[in-house]
Amino acid sequence: MTTMTSAFDLVILGAGSGGYACALRAAQLGLSVALVEKDLVGGTCLHRGCIPTKALLHAAEVADNARDGAQFGVHATLDRVDLAEVKAYSESVVARLYQGLIGLVRSRQITVVDGGGRLELTGSGPQVTVGENSYRGRHIVLATGSYSRSLPGLRIDGDRVLTSEHALALEKLPTSAIVIGGGVIGVEFASAWRSFGVDVTVVEALPRLLPVEEPEISTALERAFRKRSITALTGMAITKAERTAAGIEVTLADDSTVAADLLLVAVGRGANTDGLGYAESGVAMERGFLTVNERLETSIPGVRAVGDIVAGYQLAHRGFAHGIFVAEDIAYADRLLPHPPTPVLDENIPRVTYSDPEIASVGLSEEEARARYEQVETLTYDLGGNGRSQILRTRGFVKLVRRGDGPVVGVHMIGARVSELVGEAQLITSWDAHPVDVAGLVHAHPTQNEALGEAHLALAGKPLHSHG
Ligand code: NAI
């Protein structure tokens with residue numbers, strides 16, 4: 001067998017959000033790039049994550065609109081939801097985006113290596129091997145992403161016990177479903193399935209749904225879910241899950257049982273670090289994630305890590321930001337860029353849960369702010385005072401967290417379509433805006449963005465459509 005060795009400026013292992021963003025930016029800056037991928041360029045987000053789940057949730061919203069039109073005087077009947085057709089629609093969205101991405105990768109002359117790669121340390125430095133071939137890089141970027149974790153003793157069979165990947169592949173709706181884990185994935189699937197008429201029970205071990213969000217947001221979400229007849233069992237552990245002739249039966253810590261057609265396991269994602277030569281190469285890891293410094297350098301010189309294998313928010317846009325940062329940092333060292341890029345800070349990364357209602361936040365929680373600063377002020381603006389939210393018949397609020405009499409350091413929102421407000425919220429927290437700065441901006445009327453404007457007016461001491 002022949003062994004081939006090729007040399008590049010960058011060899012990137014994994015072509016998901018982190019890996020391909022790094023490849024695109026590095027190539028744009030004039031660096032030669034090999035991008036090693038064993039599956040499809042685009043990774044989990046494009047093929048089995050963000051994009052198909054948001055397509056599913058959009059179809060869910062269409063179903064809700066058809067079913068609930070009468071409240072707006074528009075009478076319609078929801079005949080049926082054909083999940084195979086929903087899947088075909090979702091796949092067509094993915095296919096179009098995939099074609100575009102492949103075109104971009106090709107046009108930037110990135111060498112895509114089709115196969116499973118491993119990190120290897122040689123006398124002349126680190127490299128990635130794929131079968132018999134070696135790809136040597138001045139820099140190696142590890143971007144191997146994450147996988148759906150299960151629970152000890154619970155076997156995922158793809159039939160009754162599913163991960164989110166299996167759930168996306170379903171062609172027929174279950175009548176009932178149990179979701180273990182009330183985090184982002186659990187809440188999004190519970191929401192979509194309920195819109196399609198499925199009887200859903202969410203079991204969350206911690207005392208509230210979306211435990212990383214503000215407690216008031218969890219309370220509002222739980223209330224909204226109750227109204228939608230989604231059962232949320234919080235502070236509840238599962239002791240047993242058994243397959244039955246009809247589906248699955250779960251026993252809870254209080255000895256009660258819940259039966260359903262299927263079980264979705266959404267208890268978090270682990271980093272893909274096994275079997276890739278990482279441990280053998282001696283790259284430092286902590287609780288399964290790669291240890292990196294602010295510049296995303298691992299313990300091995302010349303090897304960086306980006307995206308979900310770095311502990312922190314496992315979000316596609318964080319992966320993009322990591323990838324771009326690494327490409328620019330390398331280009332800066334090569335004098336291809338005049339200034340060093342700014343390291344990516346997790347607290348500036350916006351977070352969105354696309355359920356009904358939506359949840360979006362950026363910056364510090366009230367608790368984090370109180371741990372960091374002596375004086376903290378908060379303000380909650382109810383969407384009841386926002387015209388557009390009333391038109392949409394949504395309930396929710398915007399909560400601001402401010403440092404002393406300084407800038408706004410956290411924005412937290414719940415309500416229909418608030419995902420679209422997180423862009424402005426992010427500018428506010430990232431640019432250290434003070435309430436008066438935002439209060440001075442004119443927000444279009446009637447938009448939901450006005451809720452952000454009004455909240456800042458109130459925090460600046462001049463509330464308009466709110467008491468204070
Ligand atoms: P997660 O960490 O958000 O939530 C997992 C939940 O499961 C936690 O609330 C945890 O307390 C609970 N849990 C753990 N063990 C349990 C047990 N034995 N019984 C009951 N509950 C248990 O993880 P999730 O939802 O699986 O998502 C994985 C990652 O994917 C997240 O980091 C998320 O940020 C990302 N993602 C982001 C999306 C978005 O931005 N819209 C959408 C989907 C996923």
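Predicted model: local features only at pLDDT ≥ 70, side-chain atom pairs only at ≥ 80, totals over all residues.
Me: Which helix gives the most to the shell around the ligand?
Reply: That is α6, which contributes three residues to the shell. The helix α6 spans 184-195, and the strand β10 (199-204) likewise supplies at least two residues of the shell.

Me: Which residues come nearest to the ligand?
Reply: Of the 21 residues around the ligand, the nearest are Ile185, Glu188, Glu204, Gly268 and Val352.

Me: What lies 2.9 Å from a nitrogen atom of the ligand?
Reply: A polar side-chain atom of Glu188 lies at that distance from the nitrogen. For Val352, a backbone N or O atom is placed 2.7 Å from a nitrogen atom of the ligand. Gln314 has a polar side-chain atom 3.2 Å from an oxygen atom of the ligand.

Me: And how much of the ligand does the protein bury?
Reply: The protein buries 77% of the 840 Å² that the ligand exposes when taken alone.

Me: How does the shell divide by class?
Reply: The shell around the ligand comprises 13 nonpolar, four polar and four charged residues.

Me: Why does the ligand lie between domain 1 and domain 2?
Reply: Both domains give residues to the shell around the ligand, so the ligand lies between them. Domain 1 covers 5-148 + 271-333, and domain 2 covers 161-267.

Me: Changing topic: how much space is in the second largest pocket?
Reply: The second largest pocket holds about 1,400 Å³ of space. Its lining has 38 residues, and those nearest its centre are Asp356, Pro357, Arg393, Thr394 and Ala416.

Me: Which element gives the largest share of that lining?
Reply: The largest share comes from α3, with nine residues. The helices α3 (50-68), α6 and α7 (215-227) each supply at least two residues of this lining.

Me: How many charged residues are in it?
Reply: There are 16 charged residues in the lining of the second largest pocket, together with 12 nonpolar and 10 polar ones.

Me: How many cavities of 30 Å³ or more are there?
Reply: A search of the whole structure finds one. The largest cavity contains about 50 Å³ of space.

Me: What lines the largest cavity?
Reply: Its lining consists of Ser148, Arg149, Ser164, Ile185, Val265, Ala266, Val267, Gly268 and Arg269. By class, these are four nonpolar, three polar and two charged residues. Ile185 and Gly268, from this lining, are also among the residues that come nearest to the ligand.

Technical notes: Residues numbered from 1 in each chain as written. Heavy atoms only, no water. Near = heavy atom within 4 Å. Polar contact = N/O pair within 3.5 Å; in protein donor to acceptor, adjacent residues only side chain to side chain. Areas by Shrake-Rupley, 256 points an atom, 1.4 Å probe, with all protein chains shown as cover. Helix = DSSP H or I, 4+ residues; strand = E, 2+ residues; numbered from the N terminus. Nonpolar A, V, L, I, M, F, W, Y, C, P; charged D, E, K, R; others polar. Domains from an automatic or database assignment. 1 Å grid on protein atoms, 1.4 Å probe; cavity = no way out; pocket = protein on both sides within 12 Å on 5 of 7 lines; lining within 4 Å. Points joined across faces, edges and corners; volume = space filled by probe spheres on them.
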